[in-house]
Amino acid sequence: MTRSAEAAFLLGASALASFGVAMANLAGGGGVDAQVALTFLVFLIAFGSLHLALRQWAPRASFYLLPLVAIITAVGLTMIYRLDPDRAGLQRWWLLIAAALAVGLLFAVRSTGLEPLRRYRYLLLLGSLVLLLLPLLPTDWSIPLRGKTVNGSRLWVEFIAGPIGIQFQPGEIAKLLLVVFLASYLAERHTVLASGTRTIGRLRLVEPRQLVPVLVAWTASFGVLVYQRDLGASLLLFAVFLTLLYMATGRAAYPIIGTGMFFVGAFFAWQAFSHVERRVIAWLRPFSDFDGAGYQIAQGLFAMGSGSLAGSGVGLGRPELIPFAQTDFLFAAIGEELGLAGAVVVLCAFALLTAVGFGIALRSRDLFRKLLAAGLTFVLGLQTFLIIGGVVRVLPLTGITLPFMSYGGSSLVSNMVLIAVLARLSHEEPT
Amino acid sequence: MPALILTLLKLIFVALLFLFVWQISRAITSHISIGVTRTSTKRSKELVLIRADDRPGETYKVVDVLMLGRSPQADIVVDDPYASEFHMRFVGGDEGLVLHDLGSTNGTYVNGRRVTAPQVLVKGDAVQVGKTVLEVR
């Protein structure tokens, strides 16, 4: 495959996005209108500029990242448009902003590479913590940067500039910074964390002092759960930390101990917090409280069930009956209107994207880059797994966004930046 | 809009999605298999296995040159006070796998004997740098 083939794929994905929007229009009795052209144009500008940025500043980057992201975004935008055309319009703006930031990143590191990320790791950690704590700002003070509670989770920050209020989730970016910090920290300290000789059978134990970082991560995740009431981010944080620790040291004791600590934390959370308990009951028995906690999951199951093999067709189902169909339950909407076939193709695209990311990690030239690529890919894959798992009732629902698909600017921006870093990492592979 | 046309459009849409993802996976497969055939035509490279305590079982494939040292720029980075920044290198050529010591302070040992000139390695040789032991496979 070549860069030109990549461009052809991106053109194809843009065409498919406008095809999807046109289908939603036709099903609603409308015709091919400006929305169709606008969608095509926005996709072309966003992915075209990313493509040109790769040509210019990272010519050896992987060819497969952008086409996969484009097709996932295309299906996502089709479904958002079908559910709420106004939000699709906003999402198109976010797509342009996300692409612009990703291009900006590629430009900024064009000559330095990703070395500064390694060097300024404590600054990045500090930035990550500040971003994570930003939503805890008071909601009603005079400074136009305020915390905001949405649906019981304290994840939002509202920036007020005159009449416009822009809302975003700083935690999405904090997640990326944290992965960069961990990759840089563990690349340097992995020998210390992997030393020790005591064993039980074939399992080498870790020294008590080596458990300190695990405890810190556990406390931080639990803090997110308690103060921000966000199950998903808490889980993601802890899982990313354990995975990177395991990848850096190759010591199975860390994930084993970590999983044990996870279950202890989960048990306490279940006992102590009603919102966790509600989620678990809605997961195990969604129909026992159909009108209450289980309603969303139950509606999602109905939607996917009625979608059957080939789906009802875009605009012909009733996915608007599912609460938060544009964000948490977009996958259920896809299952209803594009059927199992559409859901499977989306899963395939995510699986390929994850595989491409881990491939980049395997070929990277040093431990920092390996851990960074693997960590970022893991974040992407785990988010997908957690939310789709929540929708199809494999896991309790965590309210994480589906990367590149769910409506939401912060998530789109942070995931696009993630892809830009992966692209740059693949450019820096030894030939 | 008649339901038949909408159903057709939906099927075309999903089919195109499959075609798109299928084509990308085909491209990825060919990318990987090109790598495999390329490695199999150059038969000179052999596998090296690290037995250092920190990274047991890590294997490296010598394509042409593989640098070992303490420097982060080396291909095999060893975190060992007895290793030099650029300690030694493996060269895979027509004559097989050759070890070059790069004037390291504490030396490189093959099967316990210090290397003084470039040495051709054979399968089963143990290469020692400081505490790090590598085995040629």
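Between domain 1 of chain A and domain 2 of chain A there is one salt bridge, a term that here stands for a side-chain nitrogen of Lys or Arg within 4 Å of a carboxyl oxygen of Asp or Glu. Glu188(A) forms a salt bridge with Arg121(A), and their closest N and O atoms lie 3.0 Å apart.

The structure is a predicted model, in which local features need pLDDT of at least 70 and side-chain atom pairs count only at pLDDT 80 or more, while totals for chains, interfaces and linings use all residues. Residues are numbered from 1 along each chain as its sequence is written, chains are lettered from A and ligands numbered from 1 in the order in which they are written, and side-chain values use heavy atoms, with hydrogens and water left out.

**Chain A and its domains**

Chain A has 16 helices and five strands, where helices (H or I, at least four residues) and strands (E, at least two) are DSSP runs numbered from the N terminus. The radius of gyration of chain A, taken over C-alpha atoms, is 22 Å, close to the 22 Å that the globule rule (2.2 Å times the number of residues to the power 0.38) gives for 431 residues, so chain A is as compact as a globular protein of that length. The domain assignment gives domain 1 (3-179 + 275-427) and domain 2 (180-274) of chain A, with bounds that come from an automatic or database assignment. The centres of these two domains, taken over C-alpha atoms, are separated by 26 Å, and their contact (heavy atoms within 4.5 Å) takes 39 residues from domain 1 of chain A and 32 residues from domain 2 of chain A.

**The two interfaces**

The table sets out the buried area, which is the accessible area (1.4 Å probe) that two parts lose on being put together, summed over both.

| Parts | Buried area | Share on carbon and sulfur atoms |
|---|---|---|
| Domain 1 of chain A and domain 2 of chain A | about 3200 Å² | 71% |
| Chain A and chain B | about 2700 Å² | 82% |

On the side of domain 1 of chain A, Arg121(A), His275(A) and Leu371(A) lose the most area to domain 2 of chain A, together 23% of what that side buries. Between these domains, 17 residue pairs are in polar contact (both at pLDDT 80 or more), meaning a pair of N or O atoms within 3.5 Å, of which, within protein, one must be able to donate a hydrogen and the other to accept it, with residues adjacent in sequence counting only if both atoms are side-chain atoms. The largest share of the domain 1 side, eleven residues, comes from α15(A).

Between the chains, 35 residues of chain A are in contact with 23 residues of chain B. Phe9(A), Tyr64(A) and Val345(A) supply 20% of the area that chain A buries against chain B, more than any other three residues. Across this interface the rule finds zero salt bridges, and three residue pairs are in polar contact (both at pLDDT 80 or more). The elements of chain A that give two or more residues to the side touching chain B are α1 (3-27), α3 (65-83), α7 (170-194) and α14 (339-363), and the largest share, nine residues, comes from α1(A).
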